[in-house]
Amino acid sequence: MWANGLKWMFLIIGTMIGAGYASGRELWEFFGAESGLAIILFTILFTISCKVIMTISYEKKSTHYLPVLQELMGKRLSKIYDVMIIVYLFSTTVIMLAGGGATLEVVHVPYWLGTLIIGGLVVVLFLWDTKGMTSMNAFIIPILIVFLIAILLAFQSLKGFPIQFKIDAQHNWPSALTFTALNILPLIAVIGAVGHEVKHKGEMWIACIGSGVILGSISFLYNESLLQVAGDIMLYEIPLFAILKHYPYFMMLIMSALLWLAIYTTAAAGVFGLLSRMRAWIKGPAWLLALFLIAIMSPLTTFGFSTLISILYPLYGVLNLFVLASLLLYPVFHHRALLGRDR
């Protein structure tokens, strides 16, 4: 139970910690000053959302996300959000490929070549079908988490831990809703595809609580660190580099490598979600379908990493609020329905 629970936990975290999150760009777009309460609320909302999605997926024994959507929103609305998820996964995977190209520029690899490298390695991963996806996350994500926390704690130590939490200065709390909503669709896409593999309800509690607490803790520490370098963030495509400039160059290389791996895991998660849905219409080897998707996405990466995130992520955050509301209300209505049947 614990082994499987941790496997799903790392799958969830791997879906979240991609180019936008690990680079700091996504956190900076939504949080910033007066956001301590917002991050606490995000942790709670994220944990509840994961548990609801995973429970439905487990009960439906689903192999892709559509049964989860239909249970949450009914058949009519689920058709609209089915298209939205496909567009979302497609566009965010384009962002991951762009992020892969931007990250490798630090070691003087041309942007276009960097995007081709990460795209090619995503295709290679699916030579092992979808099992390669969960195995990769279980290996890469713990390493990434340890290094990211170590870097942020060392930076805070360097600055004398100037972390503050003033309850009367938390005006940015509504951003918890849009930030959680932003990340709902990829979670539905990825968790909805593994319902048939979940063996025990205990796995869900381990995965959902574990991922919520870890992501909430990292988000708070990361946001506080970014506040210390707020004046420099505009100078960097990747805000994490504004923190890393205080360290020797080799640390920037190490974190660039880990950032690239985080981007890789989320690009793979996006393709995984698309593949699970495509297989309802198209049969064929996973790697060949992945190659087809990457070939279509690659030309779109020319728009640039930060431009794509600044335009698309806030838009998706607003559009997904209805899905978040459906998720949070589902346990209430579902519980009432069960009571009605018992009587």
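**Exercise 1.** In this predicted model, determine which residues Ile188 is in contact with, leaving aside its neighbours within four places in sequence.

*Solution.* Step 1. Contact requires heavy atoms within 4.5 Å. Step 2. Once the neighbours within four places in sequence are set aside, the partners of Ile188 are Ile53, Tyr65, Val68, Leu69, Leu72, Ile85 and Val323. Step 3. Ile188 also belongs to the largest nonpolar core, which has 115 residues; together with Leu72 and Phe126, Ile188 touches the most other members. Step 4. Helix α12 (residues 249-278) contributes the most to this core, namely 17 residues.

**Exercise 2.** Classify the aromatic pair formed by Phe42 and Phe179, and state whether Phe42 is buried or exposed.

*Solution.* Step 1. A pair of aromatic rings is described by the distance of the centres and the angle of the planes. Step 2. For Phe42 and Phe179 the centres are 4.9 Å apart and the planes stand at 70 degrees. Step 3. Planes over 60 degrees apart count as edge-to-face, so this pair is edge-to-face. Step 4. Phe42 lies in helix α4 (residues 36-60) and Phe179 in helix α8 (residues 175-182); the pair therefore ties together parts that are 137 residues apart in sequence. Step 5. Buried means under 20% relative accessible area. Phe42 has 0% and is buried; Phe179, at 0% relative accessibility, counts as buried. Step 6.

**Exercise 3.** Identify the ring over which the charged end of Lys51 sits, and the ring over which that of Arg277 sits.

*Solution.* Step 1. The charged end of Lys51 sits over the ring of Trp205, 4.5 Å from its centre. Step 2. The charged end of Arg277 sits over the ring of Tyr65, 5.9 Å from its centre. Step 3. Tyr65 is also one of the contacts of Ile188.

Key: Residues numbered from 1 in each chain as written. Predicted model: local features only at pLDDT ≥ 70, side-chain atom pairs only at ≥ 80, totals over all residues. Heavy atoms only, no water. Core = buried A, V, L, I, M, F, W, Y, C linked by side-chain atoms within 4.5 Å. Buried < 20%, exposed > 50% of the residue type's maximum accessible area, 1.4 Å probe, protein only. Helix = DSSP H or I, 4+ residues; strand = E, 2+ residues; numbered from the N terminus. Phe/Tyr/Trp six-rings, centres within 6.5 Å; stacked < 30°, edge-to-face > 60°. Lys NZ or Arg CZ within 6 Å of the ring centre and 35° of its normal.
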